[in-house]
Every structure is written in structure tokens, then in C-alpha cells.
Amino acid sequence: MVELEFVRTYAAPRQLVWDAWTDPDQIAQWWGPRGITTPRESIELDLRPGGRMAFEMVDDATGIRYPNSGTILEVEPPARLVWSDDGFPDGGGKGTATVTFTEVDASTTTLTVHLLADFSETVRAGAEQGWGTQLDKLVEYLAAVQA
Amino acid sequence: MQAAAGDDALSVTFGALADPTRRTMLARLSEGDATVNELAALFPAISVQAVSKHLKVLERAGLVTRGRSAQQRPAHLRTAPLADVNAWLEHYSHFYEGSLDRLGEHLARLQGQPLPPPTDPEGS
């Protein structure tokens, strides 16, 4: 299992950040890095414990669609959301994501995304397909971590 | 698929990378092989013995191999585990960093102007 955490502080009230994260109309506006679109019609979100979530991300350049699905585990508006991710079609990447919304003040919110995932299967599959080493990027990343 | 807590190869690699001294050593080895003494020269405040221990951790993680014949046993960077870590980082760091950037822009837009219609993806 591997853990990864992302922390951001936004100049926005906590309720607003929660809504942006949990309202499908809004999720379609921002979910995915640049170059990736998450079409509104692909988003399914049953916001309650045991509820299903599913969406598709589309690579704008290639049109390739990346389906994703999972199950909502915990919902505590507007403070905490936990879901399990079904992972990739190759069986890897199964895991749990915990998003915490912390009110700093009335107009400032700190968001923490904590990922706990099993990638051993993905890595194995990737190694078999002969992933490149891309060492330059990693060294760059390591330099950034140390900075 | 059973998750083996903490002992899968990727976790070992991450453990080895979770130390700034070892990352500096790897960055140096990415430029070419180096002996323990050459690596130790990078860290005036750390003993050669401590550097040697760090090197053993990297070796166990498969990130470094050591020359056998030469007396100095120069360390050589092995990139395969890094490729695995990199592939993983590629997936998730890129995805979340990018998404969280866009969330920030979305929140700014929300507070500055009306929400654009959901059928109008950003950047189109």
C-alpha cells in the first residue's frame, strides 16, 4: 500500500468548497488536470454511505475515455468525504480516498486529499508493457521535494 | 488481489526515497557511478559509515548496484524501481495537482462571477 497526500488552502468558505467537490454540475467544471474533461453526463454520484460514484474522464487531445468508479464510504458535510476507488481495469489502483475540508476562517478553507492505494498490480502490468524510465522527470521531482 | 501491507516493492522503494540524503545520493548517481568516498564528500556533516548505511538501504531497494571487482565498489544507479515509482507519481500527482489547481480557479470564478454553464468545459 502506498500513501499520498495533497494539501491546498483556498480563499473560499468551506461550504463552497464542499459543494464544488460534491455537486456533479460543478465537478464537471474542474475534475481532472488540464487537457482532461469530465463530461457532466458521465458523472454519477449517490452521496450517501454505500452510494455509487462513477465518471469518465476524456483526454481532449486523443478523445480516449478513462472510466472510473467507486463507492462512497463516509459523508459528513461539509467536513469529510471518504470513498473507495475500484481502481484500473488491470486490477491495480484499488484504494481509499479521504478528503477533509477544514475551516481556517469564514472565507478560507484547507483541503486535504489523502490517498491510500495498492499499485503493485499496476506497476507489475506496467513493467510488463515496458514503461520507460523517464528518469529526468523523477530527478526533477526529487529536486522539487528537497527544495 | 491481497494488499501486502508495507512489503510490496513499491513501498520499499518509497521507503528508500523518503530520506533527503538518499535522494541527493541518487541525484548524484544519475550523473554517473560513484564510490562511497565520493558520495560521502557530498555530505561534510555525515560520516562515511552513515553514507555507507544509506547506500545499503538503496541497494536493498534495488535502486543501486555495487561493482564487484573493483576495490572501491562504485555504486551504480538502477532505474527500474524509479520507473515504477515514476509511473505511479505520473498517474496520481499529475491528476490531483492538476485537478486541485482547477478547483482553485473554479472557486475563484464562483466568487467573482456567475458559474459558467456546465456544458462549457474550461479551456474550450
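I began with the secondary structure of chain B, which in this predicted model comes to 5 helices and 2 strands. Reading from the N terminus, I noted the order of elements in chain B as α-α-α-α-β-β-α. I then looked up burial and found that buried residues make up 25% of the 124 residues in chain B. For contacts in chain B between residues at least 6 apart in sequence, I recorded that 49% join residues at least 24 apart.

Next I turned to helix H4 of chain B, residues 48-60, whose 13 residues reach 18 Å from the first C-alpha to the last, close to the 18 Å expected at 1.5 Å a residue. Which residues of H4(B) are buried? I listed Val51(B), His54(B), Leu55(B) and Leu58(B), and these lie on the same side of H4(B) because they cover an arc of only 105° around the axis. On the face turned away from that buried side I found the exposed residues Gln49(B), Lys53(B), Lys56(B) and Arg60(B). Just after H4(B), I noted that Gly62(B) takes a positive phi of about 75°.

Gly62(B) came up again when I looked at Arg78(B), which, neighbours within four places in sequence aside, is in contact with Gly62(B), Leu63(B), Val64(B) and Thr65(B). I placed Arg78(B) in the loop between strand S2 (75-77) and helix H5 (80-112) of chain B. Finally, I checked Arg78(B) against Glu59(B), 19 residues apart along the chain, and found their C-alpha atoms separated by 9.1 Å.

Notes. Residues numbered from 1 in each chain as written. Chains lettered and ligands numbered in written order. Predicted model: local features only at pLDDT ≥ 70, side-chain atom pairs only at ≥ 80, totals over all residues. Helix = DSSP H or I, 4+ residues; strand = E, 2+ residues; numbered from the N terminus. Buried ≥ 20, exposed ≤ 12 C-beta atoms within 10 Å, placed from the backbone. Contact = placed C-beta atoms within 7 Å. Expected span 1.5 Å × (residues − 1). Arc of directions from axis to C-beta.
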